[in-house]
Structures are given as structure tokens and as C-alpha cells.
Amino acid sequence: MDIKTLKEKLNLKLLCGDDLDRTITGCYCGDLLSWVMSRAQENDVWLTVMGNINSVGVAVLADVACIVLTENAALDADALQRAEQNGVVILQTDKNTYQMAAAISQLI
């Protein structure tokens with residue numbers, strides 16, 4: 001599945017990024033950045049409430065497919081700018097992390 005399909009099927013809001021053709025192969029849930037950095041896999045969807053510049057850095061290092069901010073977590077301006085510079089796709093949902101993980105597991 002690709003990010004575009006995920007966005008459409010789960011009614012996610014696109015906050016930034018345009019590489020919606022990237023393939024998704026898994027999902028990782030976590031807010032402790034050092035933990036995510038060492039455990040998230042390439043091409044995972046990363047579910048988090050952390051919408052700061054450090055999260056964008058972790059997304060780049062872990063090479064996740066995209067970030068989904070759950071519970072309508074905000075994306076701060078510095079993070080938006082860094083995500084745009086690095087081509088990181090960031091989506092948003094009002095659902096909580098468990099609800100999103102369950103929905104994603106049904107799709108991949």
C-alpha cells in the first residue's frame with residue numbers, strides 16, 4: 001500500500017509532503033524519540049503525538065514512510081519547515097494511536 005491510499009482510506013489530513021507514492025510496509029507507535037529511532041523500520045508509518053522538529057529528524061534517520069500525528073496533535077512551524085526541506089510526509093488524524101494502528105493493520 002502507498003501513502004496516498006492510506007490517506008484516502010483512513011481520511012487523514014495532509015499537513016506536508018508530496019511523495020504520496022511511497023510504499024508502506026509496517027507501522028510503529030511511539031513517542032519516545034530515542035526508542036523510535038532505534039526501533040522503527042524503513043517504510044513504517046510512524047504514529048505519534050510529537051509534532052516537533054526533533055520528530056522530523058527521527059523520521060529522516062529511521063527512513064519511515066510518513067508520520068501520522070494522532071489525536072489532532074499539532075505540528076509546530078519549525079517542524080513543518082524542516083519536514084518540507086527533507087521531504088517528510090506528515091499526516092494528521094483525530095483518532096488515537098490505538099485506533100489508527102488497528103485500522104492500519106487491516107490495510108497492510
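Modeller: Buried means under 20% relative accessible area, exposed over 50%, and partly exposed in between (1.4 Å probe, protein chains only). This is a predicted model: local features need pLDDT of at least 70, side-chain atom pairs count only at pLDDT 80 or more, and totals for chains, interfaces and linings use all residues. Residues are numbered from 1 along each chain as its sequence is written, and side-chain values use heavy atoms, with hydrogens and water left out.

Colleague: Is threonine 5 buried, exposed or partly exposed?

Modeller: Threonine 5 lies in helix α1; helices (H or I, at least four residues) and strands (E, at least two) are DSSP runs, numbered from the N terminus. Its relative accessible area is 26%. That value falls between the cut-offs of 20% and 50%, so threonine 5 is partly exposed.

Colleague: Which side chain of opposite charge is nearest to aspartate 44, and how far away?

Modeller: Aspartate 44 sits in strand β3 (residues 44-48). Aspartate 44 is buried but has no salt bridge, meaning a side-chain nitrogen of Lys or Arg within 4 Å of a carboxyl oxygen of Asp or Glu. Lys and Arg count as positive, Asp and Glu as negative; His and the chain ends are not counted. The nearest such side chain is that of arginine 22, at 9.1 Å.

Colleague: Which elements do the buried residues of α5 pack against?

Modeller: In helix α5 (residues 97-107), the buried residues are Thr97, Met100 and Ile104. They share one side of α5 because their arc around the axis is only 65 degrees, taken from the directions from the helix axis to the C-beta atoms. On the other side, Tyr98 and Gln106 are exposed. With contact meaning heavy atoms within 4.5 Å, the buried residues pack against α1 (3-9), β2 (26-29), β3 and β4 (66-69).
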